[in-house]
Amino acid sequence: MRQKIEQLAQASQQLEPTPPQRQSWDESVRAYAHDFIDHLPGKKTFQMPENPAAGILDFPFGEPKPMGEILAVLKNNLPNAGINPASGGHLGYIPGGGIYPGALGDYLAAVTNEYAGIYFAGPGAVRIENMLIRWMCGLIGYPETALGNLASGGSIANLIAFVTARDFKKITSEKIRQSVIYLTEQVHHCVHKAIRIGGMAEAIVRTVPMDGHFRMDAGKLAEMVANDIAAGLNPFLVVASAGTTDTGAMDPLDNIADVCGQHGLWFHVDAAYGGFFLLADVENPDGTTVQQSFKGIERSDSVAIDPHKGLFLAYGLGAVLIKNVKAQMESHYYRANYMQDTFSATEEPSPADLSPELTKHWRGLRMWLPLQLYGIEPFKAALEEKILLCRYFYSEIQKLGFEVGPYPDLSVCTYRFVPISGDTNDFNLRLVEYVQRDGRIFVSSTSIGGQVWIRLAVLCFRTHLREVDMLLGIFKEGVEKLIPRK
Ligand SMILES: *Cc1c(COP(=O)(O)O)cnc(C)c1O
């Protein structure tokens, strides 16, 4: 037996590489990473070859291979297929981030493999995560007793908030069909997913009308809630957006908070995209400020906010902030017998008691490390720059003869070109295709009330005037090429 074990140890030894082996792998991977970043500016943002990333399928695992060969397969297959999310030319959907020190945080999190699920197991890791959550709570104006959870993204953050609201409002099975949820047509689709996954597909979901800026009409909301109460129904939740994905609109949070307060409804704000613009110090043309447009968020019961969007971190970090931590815990904690040793250490709430997850990636370090290295200032500057870039584009695109949607509340705007003849929707779809075929910049379109609108979403930290000017040039050229000639 001992001999067999020794033999196996010999074979498994390589899972702990020798220092020279480690160093050699490190160097190859680092060279790949730096080459990737250094060459980004000349690279396309979007490409769609015939059979994208097919080489991946021709590279099965099972036999050991040298690092160089493996990295070559990555390099030959990934950066030239689909959207390059690291590119400053990514101006579609909601762009991502990927600031470098975040990657270093991930690296250390993986090497040390701290257990961030339970305070008893990883007190430092949990303290770091809870500190980050409390910082975000402070940002939105929640009291010190609030907390939440670092989730993998906005979708899970919204789900955690939804389930907490459902349980806190005691929506048990017999109440589901009479219970009412209020949102707008522009709410992110993950909220509808949360409703279904949260077991409430049979609840009544009311779509509250919007004003001309695609913001929830709080007056209409008040009427709808009053009517539903009069009809004997059970309104319990309003989901507002602080920055909708489609048009970047800010719902009137303070007025919505009034309605929720009056009728005792759970008030959830989806600020996955827009939340970090609270850091931006930017005045609006009407003399108000961007920060003022968040007024009322501090009166909400829960908020979803995505550091992998507005804090420019790599994909995989969203946050839910919840005022009533006890309610969040009652929906998510579990006491298993095999975890009885962990009960006594309670100085810090454990993430596992506040989320569906138990064991998880220590995702806090990728946020903590950059915030420590940089402080807040460069993030604030980048967010302000994104707002101004969007406003700049909004005014310049009109000079090219485009029609525009509402003045941008944050860093998303919509626009379309109306040709003198021919189908406008079709023309704009072809225009998007033209930009995507060019590939230097990526934009996406949306449909609003049956009309095709092209979107600009500025949120990548690598997007500067260069990229926005490049896009304006591509549109100018595209319109000239595609315009119907009579
Ligand atoms: C991106 C987004 C989501 C979903 O977040 P993920 O991180 O992609 O899961 C939810 N709501 C809004 C407003 C968003 O912009």
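Contact here means heavy atoms within 4.5 Å.

## Basis of the model

This is a predicted model, in which local features need pLDDT of at least 70 and side-chain atom pairs count only at pLDDT 80 or more, while totals for chains, interfaces and linings use all residues. Residues are numbered from 1 along each chain as its sequence is written, and side-chain values use heavy atoms, with hydrogens and water left out.

Helices (H or I, at least four residues) and strands (E, at least two) are DSSP runs, numbered from the N terminus. Buried means under 20% relative accessible area, exposed over 50%, and partly exposed in between (1.4 Å probe, protein chains only).

## F59 and its contacts

F59 sits in the loop between strand 1 (46–47) and helix 3 (67–77). Leaving out residues up to four places away in sequence, F59 touches K65, E69, I70 and V73. F59 and I70 are 11 residues apart in sequence. Their C-alpha atoms are 8.8 Å apart in space.

## The ligand site

The shell around the ligand holds 15 residues, and G154, S155, D270, D306 and K309 come nearest. A residue counts as near if one of its heavy atoms lies within 4 Å of the molecule or strand in question. By class, the shell has four nonpolar, eight polar and three charged residues. Ala, Val, Leu, Ile, Met, Phe, Trp, Tyr, Cys and Pro count as nonpolar, Asp, Glu, Lys and Arg as charged, and the others, Gly among them, as polar. Helix 6 (154–168) and helix 10 (307–310) each supply at least two shell residues. The largest share, three residues, comes from helix 6.

Polar contacts are pairs of N or O atoms within 3.5 Å; within protein, one must be able to donate a hydrogen and the other to accept it, and residues adjacent in sequence count only if both atoms are side-chain atoms. An N or O atom in the side chain of S155 is 2.6 Å from an oxygen atom of the ligand. For H308, a side-chain N or O atom is 2.8 Å from a ligand oxygen. K309 also places a polar side-chain atom 2.8 Å from an oxygen atom of the ligand. Taken alone the ligand exposes 380 Å², and the protein buries 86% of that. Accessible areas come from the Shrake-Rupley method with a 1.4 Å probe; for residues, only the protein chains shown count as cover.

## Helix 11

Helix 11 spans residues 325–332, and its buried residues are V325, A327, Q328, S331 and H332. They lie on the same side of helix 11 because they cover an arc of only 160° around the axis. The arc is that of the directions from the helix axis to the C-beta atoms. On the other side of helix 11, K326 and E330 are exposed.

The buried residues of helix 11 pack against strand 3 (147–151), helix 6 and strand 9 (318–322). At the start of helix 11, a side-chain oxygen of N324 comes within 3.2 Å of the backbone nitrogen of K326.

## Two buried positions

I160 belongs to helix 6. Its relative accessibility is 1%, so I160 counts as buried. Beyond residues up to four places away in sequence, I160 touches N149, V320, I322, Q328, H332, L354, S355 and P356. I160 and G98 are 62 residues apart in sequence and 25 Å apart in space, C-alpha to C-alpha.

S179 is in strand 4 (179–183). S179 is buried, with a relative accessible area of 0%. Its side chain makes a polar contact of 3.1 Å with the side chain of N234. Setting aside neighbours within four places in sequence, S179 is in contact with I171, M200, A203, I204, N234 and F236.

## Positive phi and a partly exposed leucine

Y93 is a residue other than glycine with a positive phi, near 40°. Y93 lies in the loop between strand 2 (82–83) and helix 4 (100–112). Y93 counts as partly exposed, at 46% relative accessibility. K170 is not a glycine either, and has a positive phi of about 50°. K170 falls in the loop between helix 6 and strand 4. K170 is exposed, with a relative accessible area of 56%.

L104 lies in helix 4. With a relative accessible area of 36%, L104 is partly exposed. L104 and D217 are 113 residues apart in sequence and 44 Å apart in space, C-alpha to C-alpha.
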